[in-house]
Amino acid sequence: MTETIVIMGGGVIGLSCAFELRSRGHEVTVLEINRCGGQASGAAAGMLAPYSENLEGPDEFFRLGVESLRLYPEWQSQVKRVSGMAFEYTPSGSLYIAYHEADRLALEGRLLWQKEFGSTGTLLEGDALFRIEPMLSRNVRAALHTPEECHLYAPEYVRALEQACRFIGVRIFDQLESLAIVEWQREIVVQSADQRAFGGDRLIVCSGAWAREHGDTFGIQIPVYPIRGQICAYETEDKPVRHMVFSNQGYLVGKENSTLVCGASEDVAGFDTSVTDKGIDRLRRWNKQAFPFLEHRPPFHRWAGLRPSTQDGLPLIGPLSGSNRVVLAVGHYRNGILLSPATAKLVADYVEEKRVPDYNRAFDPERFG
Amino acid sequence: MKKDVWRIGNHELSSRFFIGTGLFPNPYVQMEAIKASGAEVLTFAIRRINLEATEDDSILQHLQGESYRYLPNTSGASTADEAVRIARLARASGLSDWIKVEISANERTLLPDPIETLKATEILVKEGFTVLPYLPDDPVMCKRLEEAGAAAVMPGGAPIGTGLGILNPYNIGLIVEEAKVPVIIDAGLGSVSDVTQAMELGVSGVLMNTPVAKARDPVGMAQAMRLGIEAGRLAYLSGRISKKRYASASSGFDEFKLK
């Protein structure tokens, strides 16, 4: 049955949901208060790294991440084909580096459980490590190499996603300034600042760090907080960093366009997206410990985005029990780009009332009461 | 009533909650939870810290301007030598001269190695550290660590992060009876009732991370744990009744007897 679906939010999650739902034959409208991909989506470093982002154990968040990584090869080629646009998607693999011999135990423990979930990782030391990442500081004692992890160029991916949506007939309205949910129980009516009304059968809420304000409307708690991430980038020659390199202080990833991206701060700063010296200097003092050649180089570009973080670290994905007209997909924190295909398919399955794997119950949007 | 304070070395503490800074979903929730816990002592793994610039560290940077005492730990060390090296690094960075000796040989159970823990404690005490070893819930080992100069002993309730609670309350009770230094339950606690039980057994404090950081609402759970600690402590000081096999009415039968 064809549904008419209104999606609030034109970030990577909203656009991915739109792309998937339209591909399945539904009528889809995307409403964006600013411009599509203008917040966390466009600011992201684009790492598809569920193994390096989940260090403790195979929880539901990790499983969703691994599922999304599995979907990515097909998903990204579909976005490219439909949009006619290219964007970088690099299966570089990752290195999680450690400076202490004491980290070995933790890396070994991680490898033990991650191997059960598709990692073909190995622990590398000495020559074996410096052979595959030659510029790495010789103070690095060991690294966990995870070949499965990839990265993409997030701003171009989001632009391609938007274009792909338009080509297959998703209606996108941006620069709407503000959106109010006027009706959501019997039908969907969303009104923009200029008094235009957008109607439909279903509403998908994908408004990221701004989702909290809808809690009162739906009578539930949506504890999503903005956490600012500051990032900087260097211009390089000959791609001196081959893998995505993670440490407990941050990450570095070399892009196809010869920039080297270094992130990221986690600041509690409300909705302020300004870049601070403190935030960037911290990255600069840290990253030379991983790659000494960065010591005297100033970054050529610095920016910030707001990640939608939640109270328990898990996103809110799923329908509201009070009204099966509304599905939430918010709170992806550091992993919106990674989780975009899996979230899109999950949301579309909820809309079509299909069965979804049980672990997704952990993302129940009503779990906070 | 006299203020219920206690001491590690010559440092006076009023909170009995040592909280770990790991595993929180984000820095906002982490800071709010630490505040709600009322903890004065924060603990973290040294290997996770940027020791070259602790003020830049991804976790510690959020704690600047607050007056917490740090208890760094040597987690990841599998020998006494490694633990000693890590402790020296931590002190050299100016973080703290308190050290939680944590030495595990097995990455699956992370149970403490008591022999290596004793060796490391002996060395670090000689070097002037305030040493708080994490060790098995064994009364004899705890005594040996105390004799080696540990400022407190920290027996595990259950393996780290399991949330199984106090697996051997009998042993914990014995450890408390024997100890002349504070006993702090470290690891394995899951719920407020576990924490209250620990305090009722007479320990001086508890150390937790996972049960707070991984709760659905870490801030709410931090406050709940704080209250549990206070309740358990007050109950311990107030003295519970002894257990009886049969009922005994609270208002005494005699007064109802017909003369």
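**Reading chain A**

Analyst: Start with an inventory. Chain A has 10 helices and 20 strands. Keep in mind that this is a predicted model.

User: How does the radius of gyration of chain A relate to the globule rule?

Analyst: Set the value beside what the rule gives for the chain length. Chain A has a radius of gyration of 21 Å, close to the 21 Å given by the rule for 369 residues, so it is as compact as a globular protein of that length. Along the principal axes, its C-alpha atoms fill a box of roughly 65 × 40 × 40 Å.

User: What percentage of the residues in chain A is buried?

Analyst: A residue counts as buried if 20 or more other C-beta atoms lie within 10 Å of its own. In chain A, 55% of the 369 residues are buried.

User: And how much of the contact list in chain A comes from residues 24 or more positions apart?

Analyst: Take the contacts with a separation of 6 or more. Such residue pairs account for 75% of them.

User: Now the helix pair. At what angle do α4(A) and α7(A) pack?

Analyst: First get the angle, then name its class. Helix α4 (residues 60-83) and helix α7 (residues 154-167), both of chain A, pack at about 60°, with their axes 8 Å apart. Angles of 65 to 115 degrees would count as roughly perpendicular. α4(A) and α7(A) are therefore oblique to each other.

User: Is their crossing left-handed or right-handed?

Analyst: The crossing is left-handed.

User: Which residues make the contact?

Analyst: α4(A) supplies A:Val79, A:Lys80, A:Val82 and A:Ser83. α7(A) supplies A:Ala160, A:Leu161, A:Gln163, A:Ala164 and A:Phe167. By class, the contact has 6 nonpolar, 2 polar and 1 charged residues.

How values were computed: Residues numbered from 1 in each chain as written. Chains lettered and ligands numbered in written order. Predicted model: local features only at pLDDT ≥ 70, side-chain atom pairs only at ≥ 80, totals over all residues. Axes fitted to C-alpha atoms, helices over the stretch in contact; angles between N-to-C directions. Helix = DSSP H or I, 4+ residues; strand = E, 2+ residues; numbered from the N terminus. Parallel < 35°, antiparallel > 145°, perpendicular 65-115°, else oblique. Left-handed = near helix turned anticlockwise from the far one by under 90°. Contact = placed C-beta atoms within 7 Å. Nonpolar A, V, L, I, M, F, W, Y, C, P; charged D, E, K, R; others polar. Rg over C-alpha atoms; globule rule 2.2 N^0.38 Å. Buried ≥ 20, exposed ≤ 12 C-beta atoms within 10 Å, placed from the backbone.
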